[in-house]
Amino acid sequence: MSRIRPEELIPIGRVLRPHGLKGLLRIRSDAGVDLPFEEGGIVYLRVGSKAPECFKVVSIKPQKRMFLLELEGMTTLERAEARRGADILVEKGDLRRDEDEYFWFELIGLEVRLDTGETIGTISRIIQTGANDIYVVKRGKREILVPATSEVVKAIDLESGKMIISPMEGLLDLNEI
């Protein structure tokens, strides 16, 4: 398999710990229930600052709020234990989304502007909640919390690196812009 450049890989989860004695991995997905890989697909595991290792997915099964991941060649507890805490990565080119959907890595760093044209900051991180995500917009040392709803977010333009919002009443007062 050809060598992949690190900038072509996107983190989508983390290995929590081994599961059982035969190399299964208990993982947490940051991609929700729609995992961006499937049986027969390819994932990469990166432990700390080491180079990512490529693995073929044998099976992936939900278990409570986690998943059990079986990888080709990962057949012992010892091998699985060596990947505890590893980042799970996939190639950007393998990711698929609908037209009005965005991956977190695409949104982080976007400049956020009001529909009046005023810049309020850049998205520094995203908080996942039960109802909708919250964009954390960094403005200097302050953080402004912006709900990721269609009532607030009016446009996202990845090419220009901008998000346009129309804040609901009191949102900016609450965040002391």
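A: Start with what counts as pairing: two strands pair if DSSP finds at least two bridges between them. Keep in mind that this is a predicted model.

Q: How many bridges pair β9 with strand β10, and in which sense?
A: In general, strands of a sheet pair through backbone hydrogen bonds, either parallel or antiparallel. Here β9 and strand β10 (residues 142–147) are joined by six bridges in the antiparallel sense. As an example to locate, tyrosine 135 has valine 146 in β10 as its bridge partner.

Q: What should I look for in the hairpin of β9 and β10?
A: Look at the residues between the strands and at their backbone torsions. This hairpin has two residues between the strands, and glycine 140 takes a positive phi near 65 degrees.

Q: Which strand pairs with strand β9 (residues 134–139) over five bridges?
A: That is strand β8 (residues 119–127), and the pairing is antiparallel. Threonine 122 stands opposite lysine 138 in β9. The hairpin that joins β8 to β9 runs through six residues.

Q: Which residues show how strand β2 meets β5?
A: Strand β2 (residues 24–29) runs antiparallel to strand β5 (residues 66–71), and three bridges join them. Leucine 25 has leucine 69 in β5 as its bridge partner, and isoleucine 27 has phenylalanine 67 in β5.

Q: How many bridges join strand β4 to β5?
A: There are six between strand β4 (residues 53–63) and β5, and the two run antiparallel. Lysine 61 stands opposite leucine 68 in β5. The hairpin of β4 and β5 has two residues between the strands, and lysine 64 takes a positive phi near 55 degrees.

Q: Where in the chain is confidence lowest, and where is it highest?
A: The chain averages a pLDDT of 86, and 90% of the residues score at least 70. Confidence is lowest in helix α3 (residues 171–174), at a mean of 61. The highest value belongs to helix α1 (residues 77–81), at 96.

Conventions: Residues are numbered from 1 along each chain as its sequence is written. This is a predicted model: local features need pLDDT of at least 70, side-chain atom pairs count only at pLDDT 80 or more; totals for chains, interfaces and linings use all residues. Side-chain values use heavy atoms; hydrogens and water are left out. Helices (H or I, at least four residues) and strands (E, at least two) are DSSP runs, numbered from the N terminus. pLDDT is the predictor's confidence in each residue, from 0 to 100.
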